[in-house]
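Please open the model in a viewer and follow the selections below in order.

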Amino acid sequence: MSLEGLYQEIILDHYKAPRNRGSVENPDIDIFESNPLCGDEIRIQAKLDGRTIQDIRFEGKGCSISLASASMMTEALKGHAHDHAHKYIDGIKAMMHGEDKLNDEELGDMEALKGVADFPARVKCALLAWTTLEKALNDRAARKG
Ligand code: ZN
């Protein structure tokens, strides 16, 4: 299988069998965002324990790239600290500009999103979940002072 075919396969796998889909009870983060360019919609809920993202789930509709990316994001961040989340958010954003901030091991399945950088119209799809969570984390940090 070509690399492109393999990446396509990974994206479709997350799209068809999304990880951590659903809602969180008494969420500390509950945010909805859309990408009007493509019609993607996402709602992210998370339960925090201090600086740790104890649980994170999403609901959404839209294209395979936006939903696969959300699925990969929850998998990468669940059980990890905010700093880890910000590192990944920055890393994925950089990747969409062709910059390698995360290594292959850190990326895991997310390496499959690398090729999206070649399609500027789809970059917003791939980043929707990430920028939405970033906004929620930043709003929360600002509120807490
Ligand atoms: Zn999309």
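Leaving aside its neighbours within four places in sequence, with which residues is Leu133 in contact? In this predicted model, select Leu133 and display its surroundings: beyond those sequence neighbours, Leu133 contacts Ile29, Ile44, Ile56, Met73, Leu77 and Ile89.

Now turn to the salt bridges, of which the whole structure holds 13. Select Asp30 and Arg43, whose side chains form a salt bridge at 2.8 Å, N to O. Asp30 belongs to strand β1 and Arg43 to strand β2, so this pair ties together parts 13 residues apart in sequence. Asp30 is partly exposed at 41% relative accessibility, and Arg43 is likewise partly exposed at 37%.

Move on to Asp55 and Arg57, joined by a salt bridge at 3.3 Å, N to O. Here Asp55 is buried, with a relative accessible area of 17%, whereas Arg57 is partly exposed at 23%.

Return to helix α5 and select Lys135 and Asp139, which lie 4 residues apart, about one turn of the helix. Their side chains meet in a salt bridge at 3.4 Å, N to O.

Finally, select Asp13, Arg19 and Glu75, which are linked in a network of salt bridges.

Note on methods: Residues are numbered from 1 along each chain as its sequence is written. This is a predicted model: local features need pLDDT of at least 70, side-chain atom pairs count only at pLDDT 80 or more; totals for chains, interfaces and linings use all residues. Side-chain values use heavy atoms; hydrogens and water are left out. Contact means heavy atoms within 4.5 Å. A salt bridge is a side-chain nitrogen of Lys or Arg within 4 Å of a carboxyl oxygen of Asp or Glu. Helices (H or I, at least four residues) and strands (E, at least two) are DSSP runs, numbered from the N terminus. Buried means under 20% relative accessible area, exposed over 50%, partly exposed in between (1.4 Å probe, protein chains only).
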